[in-house]
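Please read the following note alongside the sequence and the structure. The points are numbered so that each may be checked in turn.

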Amino acid sequence: MTSLLIKGASLLGTTTADVLVEDGVIRFVGRASGDEGIETPDTTVDADGLVLLPGLVDLHTHLREPGREDAETVRTGSAAAAAGGYTSVLAMANTNPVTDTAEAAERVYDLGRAAGLVDVQPVGAVTKGLEGHELAELGLMARSRAQVRVFSDDGKCVGDARVMRRALEYVKAFGGVISQHSQDPSLAPHASCCHEGPISGELGLPGWPGVAEEVIVARDVMLARHTGSRVHVAHVSTAGSVEVVRWAKSQAEKDGHWQVTAEVTPHHLLLTTDLLRGYDPTFKVNPPLRPQEDVEALRTALADGTIDAVATDHAPHARHDKEHAFVDAAFGMLGLETALSVVATVMGERMDWSRIAEVMSVNPARIAGLDAHGRAIAVGEPANLALIDPSASYVVDRDASLSLSRNNPWHGRTVTGQVVGTWLRGQRTFGS
Amino acid sequence: MKKHLLSIDDVTADDIAALFETAAEMHDVQRREVKKLPALRGRTVINLFFEDSTRTRSSFEIAGKWLSADVINLSAKGSSTSKGESLRDTVLTVTAMGIDGLVMRHSASGAAHQVAQWLDIPVINAGDGTHEHPTQALLDAYTLVRHLGSLEGKHVAIIGDLTHSRVFRSNIKSLAKLGARVTVVAPPTLMPSGVGPWSAEAGFATSYDLDGVLAGDNGPVDAVMMLRVQKERMSGGYFPTAREYTVGYGLTRGRLAMLQPGTPILHPGPMNRGLEISPDAADAADSLILDQVSAGVAVRMAVLYHLLAGEEAVQ
């Protein structure tokens, strides 16, 4: 039996308590008086002044393995996740080969368990090869050891309404959800790399208009209602999408037989399209960085619950894939290690720690169907925990990253709220 | 003057005046029997073109040669990303041969800007995607100044495919620096995105109505600059047919008659005769299209001289 005592942490930023963990399970929560049978724990962590949260859950991570192990592996991505306070991440399907079979899903699942730093939960592709035409083996992936529940062609939009309809219908059999990358391919074709507006006009970059996202979000919520299914809107980036989601949630609540959920990335909560003026591909991401009005709408929507979750869209890339001309460079930026700090910095005045725990742990775990994550810090629960120093400010240094990649848009920025420890089933996965 | 010429943002009105003064001297050299000046002897310039070009590349080549620089043309089209080489590796490889200046064209907006951050030598942007083409704007302004005198308070109309035009994006800045007023004209589908806030900030006017602009709705027009319209834009649904475009936005014989005599007509080339410009306009007495070409060499000589000869020589 191994035991761990986290002493004097502020649970979710509210009550201060000691938390005793034995064999990966929380056995005691309260002020230890000495009579609880805690003889001498194997490890004691002094958490005075620190905040204890349930381990974070990322609905949207790119781990690049198999296929691009030079950019990230399941192991390095897991280490970066643990450093960010995560205890579970959903690994997107756009690897090479694509996660569109049970075997591919089990492979990612097993690599995650072998690394042992976070529970890596594979996302299955919606369509074979992410090509948007034929459904992937959704049921076999669901029945596999990996028990896939979230399906996404992320990186690409399921553009065909009929395919999207069938996918939404089909996953009802096993409680699945379709996470959609909302990008109408004719309104925003692949070359589109800059929010369409005055800056794309001035810079002469192919524009990616907000409406290309909004028309797909609108279509998909209607399809979810029609099919009585669950749709999850990945990386919402515009005020218009927020309005559609807000309306759809009100309808779904009345109807009761379908569901829409939504996520936002840390970068869309802070960074704006103005950063593209220097043509630095570090800031090239899909969906693109939007203007301040959209950023404000996303913050409001996260605070008021219209947006359920923060998801990183952690997208590592080898340096040489970013050292092309802007339109030719790869899309994506790192996010796992910095997500909590960015959210705490940006949203700290509008959300307390228990709300942050909801959007970064509880809700994502519920959306993904992960029963062992996003739980209360209470007796009998698995000890998946993140310990935060809420007052620590630090300057992000891309070279200090545990990721294999360096496409870090936060480099040089000062953020407040630092992860100092992470435990997965009582085992320390980050911090010392 | 700044080290690089990536955008018209890199030059001040004073820089432009200095460049024009040098260009005028260079222009005189063009008319000599022996055209070579020794100014850049022993220096090597590479014209690195990732995108096809005949006139701009030849213009830079002649400009460099008349200044006695060694000029090497390198066509890199399809040779980098298609082979998997990054842009950074391509330019570092080329410049490692030991060169003094890089003239670069690329189909991607911002490419010259990115490259300049990786190199120690001056980089001259010879056109980057749909972003900027600063030497074209300088030669356009030089040509106009020679015909109109000062551009202060003059009204220039720029007409055509603005969305895809780097010439427009550079000209809007250079004309503003020289005190000109600009009205840009295009169908709504070929107006750049976000042109409303942008034009308000940059101080130019926009219109969908070419006849109204030429009739003086926005003040008398002192010069017209036609932009090339690529026929392939029709497949993108930007306008229905060539004939409809011409009726709405071409400088037709009828519109030519609306101009005051002596109003300069410019076009950066290559022209689509019969589409955006009628032969009557292209060959009119007031057409400065060939003057632009000869001015192009003089202006590029001035740019190469100012950026490569060293400050002492230029003084």
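1. The largest nonpolar core of this predicted model has 238 residues. Those that touch the most other members are Leu52(A), Phe151(A) and Leu298(A) from chain A, together with Val224(B), Val299(B), Met301(B) and Leu304(B) from chain B. Helix H12 of chain B, residues 289-308, gives the most to this core, with 12 residues.

2. Val224(B) deserves a separate look. Leaving aside its neighbours within four places in sequence, Val224(B) is in contact with Ala157(B), Ile159(B), Leu251(B), Leu259(B), Thr263(B) and Ile265(B).

3. How is chain B divided by the domain assignment? Domain 1 of chain B comprises 8-132 and 293-314, while domain 2 of chain B covers 134-292. The C-alpha centres of these two domains of chain B lie 26 Å apart. Their contact takes 23 residues from domain 1 of chain B and 21 residues from domain 2 of chain B.

4. On the side of domain 1 of chain B that touches domain 2 of chain B, helix H1 (13-30), S4 and H12 each supply at least two residues. H12(B) gives the most to that side, with 7 residues. By class, the residues of this side of domain 1 of chain B are 11 nonpolar, 7 polar and 5 charged.

5. His133(B) is found in the loop between strand S4 (123-128) and helix H5 (134-148) of chain B. Is His133(B) buried or exposed? His133(B) has 27 other C-beta atoms within 10 Å, and the threshold for a buried residue is 20 or more, so His133(B) is buried. Apart from neighbours within four places in sequence, the contacts of His133(B) are Gly127(B), Arg166(B), Val167(B) and Ser170(B). The C-alpha atoms of His133(B) and Phe168(B) are separated by 8.5 Å, although the two residues are 35 residues apart along the chain.

6. Between the chains, the contact takes 22 residues from chain B and 19 residues from chain A. On the side of chain B that touches chain A, helices H3 (87-95), H4 (111-118), H6 (166-177) and H7 (195-202) of chain B each supply at least two residues. This side of chain B has 7 nonpolar, 12 polar and 3 charged residues.

7. Chain A is likewise assigned domains: domain 1 (3-51 + 380-430) and domain 2 (55-368). The C-alpha centres of domain 1 of chain A and domain 2 of chain A are 27 Å apart. In their contact, 28 residues of domain 1 of chain A meet 39 residues of domain 2 of chain A.

8. Which strands supply at least two residues each of the side of domain 1 of chain A that touches domain 2 of chain A? They are S16 (385-395), S17 (414-424) and S18 (427-430) of chain A. S17(A) gives the most to this side, with 7 residues. The side of domain 1 of chain A that touches domain 2 of chain A divides into 14 nonpolar, 13 polar and 1 charged.

9. Finally, consider a pair of helices in chain A. The axes of H6(A), residues 210-227, and H7(A), residues 239-255, come within 9 Å and cross at roughly 10°. Angles under 35 degrees count as roughly parallel, and H6(A) and H7(A) are therefore roughly parallel to each other. Residues of H6(A) in the contact include Val217(A), Ala218(A) and Val221(A), and those of H7(A) include Val244(A), Val245(A) and Ala248(A). The residues of this contact of H6(A) with H7(A) comprise 7 nonpolar, 4 polar and 4 charged.

Conventions. Residues are numbered from 1 along each chain as its sequence is written. Chains are lettered from A and ligands numbered from 1 in the order in which they are written. This is a predicted model: local features need pLDDT of at least 70, side-chain atom pairs count only at pLDDT 80 or more; totals for chains, interfaces and linings use all residues. Axes are lines fitted to C-alpha atoms, for helices over the stretch in contact, and angles run from 0 to 180 degrees between N-to-C directions. Helices (H or I, at least four residues) and strands (E, at least two) are DSSP runs, numbered from the N terminus. Angles under 35 degrees count as roughly parallel, over 145 as roughly antiparallel, 65 to 115 as roughly perpendicular and the rest as oblique. Two residues are in contact if their C-beta atoms, placed from the backbone, lie within 7 Å. Ala, Val, Leu, Ile, Met, Phe, Trp, Tyr, Cys and Pro count as nonpolar, Asp, Glu, Lys and Arg as charged, and the others, Gly among them, as polar. Domain bounds come from an automatic or database domain assignment. A residue is buried if 20 or more other C-beta atoms lie within 10 Å of its own, exposed if 12 or fewer, and partly exposed in between; C-beta atoms are placed from the backbone. A nonpolar core is a set of buried Ala, Val, Leu, Ile, Met, Phe, Trp, Tyr and Cys residues joined through C-beta atoms within 7 Å.
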